[in-house]
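Dear colleague,

Please find below the structure that I am passing on to you, followed by a short account of what was found in it. I would be grateful if you could read the two side by side.

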Amino acid sequence: TAPGDNKRATPSKVDYDQVRKSISALLDDNNYDDGSYGPLFVRLGWHASGTYSHIDSTGGSNGGCMRFEPESGWGANKGLNLARERLESVYRAHPGLTYADLYTLAAVVAIEEMGGPTIKWRPGRDDHKDGKKSPADGRLPDAAQGAQHIRDIFYRMGFNDQEIVALIGAHSLGRCHPDRSGYEGPWTNAPTTFSNEFFRLLLEEKWQLRRWKGPKQYEDVKTKTLMMLPADMALIEDPEFRKYVVQYATDGDKFAKDFAAAFEKLLELGVEFKTTDGSRHGKNESFWKRI
Ligand code: DDH
């Protein structure tokens, strides 16, 4: 080989087990939120991917464009700069790793480390050099809206009602921050543990409008410490969504399994993987085993 050929490692040379370990080491921090960056990493992977439209095949996690304007400045992405900054050391330690792969793998590792299911993940996302290919703002869901809006947003990505409910079960994790979204508080009593608690609480607690100066949100009548967004309440108000809320509230294993499948699909929207057999979209089991 000519001198200099191997200066930059190719993605297949990246040791993704080591990348996973580097991400895991960044999760815990007693001075941050509930003691973990995990929920923020999950939101990062979701917002990187959730811009996809199957109508014109734009958006999605490929490109890693959230690190550039305009996506970095979108209201919906407020606070995610903290996740990207925290992951910067991982990017630097692994030549050949792309931001686009890193943002999605961070979400996968966070879910697994917080007790969630194993999610199939594979590398292959490219980084764009700027944010020129980012779609216009407005592709991520608005928490103030209801079932119709949720369907508009997620059908555009190619999801059905069951997948939508499973995905939003990620609100078992994390909390709302007044300086980011304007909303306040956690959904569950264990915001750093992946579980079906979000669905159980939706059905089992009584929810009332919170009286405060902030945006319209709900609080549990009993303790007033937990919250629901209007868009969360839509999952029990809409009969079709509610059917799946009931299923997942009673069967945590089914939720974990369906979530893993839907989240894997989410992270791959719009990504053209170059597989070893030359096919572009094919799922290549042996490739997964190698990473
Ligand atoms: Fe979400 N989410 N999300 N969400 N989300 C917020 C936080 C987190 C909506 C609104 C909000 C998903 C779907 C929806 C996570 C994961 C996922 C916040 C608070 C708002 C508002 C942000 C802040 O103030 O810090 C709406 C609306 C929807 C919808 O679909 C209708 C999905 C699909 C996921 C996913 O991961 C698959 C996570 C995790 C958080 C907690 C972040 C944190 O910092 O903690």
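Which residue is the protein donor of the iron atom of the ligand? The model is a predicted one, and in it H171 is the only protein donor to that iron, through its NE2 atom at 2.1 Å. As for its place in the fold, H171 belongs to the loop that lies between α6 (161–168) and β1 (175–176).

H149 is part of helix α5, which comprises residues 147–157. Is H149 buried or exposed? Its relative accessibility is 14%, and because the cut-off for buried is under 20%, H149 counts as buried. The side chain of H149 reaches the backbone nitrogen of D142 at 2.8 Å. Leaving aside residues up to four places away in sequence, H149 touches P141 as well as D142.

Turning to the strands, an open sheet is formed by three of them, in the order β3-β4-β5, with antiparallel pairing. Its edge strands, β3 (207–209) and β5 (227–228), each pair on one side only. In general, the strands of a sheet pair through backbone hydrogen bonds, in either a parallel or an antiparallel manner. Between β3 and β4 (residues 218–220), which run antiparallel, there are three bridges. Within this part of the sheet, W207 stands opposite D220 in β4.

With kind regards

How values were computed
Residues numbered from 1 in each chain as written. Predicted model: local features only at pLDDT ≥ 70, side-chain atom pairs only at ≥ 80, totals over all residues. Heavy atoms only, no water. Donors = N, O, S within 2.8 Å, 3.2 Å for Na, K, Ca; no water. Helix = DSSP H or I, 4+ residues; strand = E, 2+ residues; numbered from the N terminus. Pairing = 2+ DSSP bridges. Buried < 20%, exposed > 50% of the residue type's maximum accessible area, 1.4 Å probe, protein only. Polar contact = N/O pair within 3.5 Å; in protein donor to acceptor, adjacent residues only side chain to side chain. Contact = heavy atoms within 4.5 Å.
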